[in-house]
Amino acid sequence: MSALVRHFNVSDTKTNRYIGVGIQYVLGLLCVIGFQAMLNTGLMTLSYDSILIYGSLIGILSMIGWLFIFMQARSKPQMNVYGYYTQLFMANIVFAFTMAGCYMII
């Protein structure tokens, strides 16, 4: 995320990290709000299938978002792209199941 922030000429590395973490938290909060909205409207239930679909959806959206971020970055990171996107996708599925588990506990 700091690669995107650097694109906007924020020179301090520590500030880049803080902004990047803040953006990640806001995006996570938006995912939780979307999850709640889908539950409230009946578009989704707390079933295994619904949670897997939601996690997959936010995973795909995250991959598209990061693709655009990497396209905007001045210096392209040297990384295993397939491994990164696979991990990102799976992390969003884990996030969705963790979020649903919290809803079930509450």
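Is Ala100 buried or exposed, and what is its relative accessible area? Ala100 is buried, with a relative accessible area of 1%; here buried means under 20% relative accessible area, exposed means over 50%, and partly exposed is in between, using a 1.4 Å probe and protein chains only. Before going further, know that this is a predicted model, where local features need pLDDT of at least 70, side-chain atom pairs count only at pLDDT 80 or more, and totals for chains, interfaces and linings use all residues. Residues are numbered from 1 along each chain as its sequence is written, and side-chain values use heavy atoms, with hydrogens and water left out.

**The overall picture**

- The protein has four helices and zero strands, and its pattern along the sequence reads α-α-α-α.
- Those labels come from DSSP runs numbered from the N terminus: helices are H or I with at least four residues, and strands are E with at least two.
- Out of 106 residues in the protein, 27% count as buried.
- The protein exposes about 7200 Å², and carbon and sulfur atoms supply 70% of that; the area comes from the Shrake-Rupley method with a 1.4 Å probe, and for residues only the protein chains shown count as cover.
- Take the contacts in the protein with a separation of 6 or more: residues 24 or more positions apart account for 60% of them. Contact means heavy atoms within 4.5 Å.

**Helix H2 meets helix H3**

- Two packed helices are described by the angle between their axes and the distance between the axes.
- For H2 (residues 13-41) and H3 (residues 48-72), the angle is about 145° and the axes are 12 Å apart. Axes are lines fitted to C-alpha atoms, for helices over the stretch in contact, and angles run from 0 to 180 degrees between N-to-C directions.
- On the H2 side, the contact is made by Gln24, Cys31, Gly34, Phe35 and Met38, while H3 brings Tyr54, Ile58 and Trp66.
- Sorted by class, that contact has six nonpolar, two polar and no charged residues. Ala, Val, Leu, Ile, Met, Phe, Trp, Tyr, Cys and Pro count as nonpolar, Asp, Glu, Lys and Arg as charged, and the others, Gly among them, as polar.

**Checking helix H2**

- The expected span is 1.5 Å times one less than the number of residues.
- The buried residues of H2 are Asn16, Gly20, Gly28, Cys31, Phe35 and Leu39.
- Just after H2 comes Gly42, which takes a positive phi of about 85°.

**Helix H3 and Ser56**

- The 25 residues of H3 should span 36 Å at 1.5 Å a residue, and its end C-alpha atoms are 36 Å apart, which agrees.
- Among the buried residues of H3 are Ser50, Ile51, Tyr54 and Trp66.
- Ser56 lies in H3 and is buried too, with a relative accessible area of 19%.
- Leaving out residues up to four places away in sequence, Ser56 touches Phe89 and Ile93.
- Ser56 and Ile93 are 37 residues apart along the chain, yet their C-alpha atoms are separated by 6.0 Å.

- Tyr85, Leu88, Asn92, Ile93, Ala96, Met99 and Ala100 are buried in H4, and what covers the buried residues of H4 includes H2 and H3.
- Back to our opening residue: Ala100 lies in H4 and touches Phe35, Leu46 and Ile51, not counting residues up to four places away in sequence.
- Ala100 and Tyr48 are 52 residues apart in sequence, and 9.4 Å apart in space, C-alpha to C-alpha.
- Thr86 is also found in H4, but Thr86 is partly exposed, with a relative accessible area of 34%.
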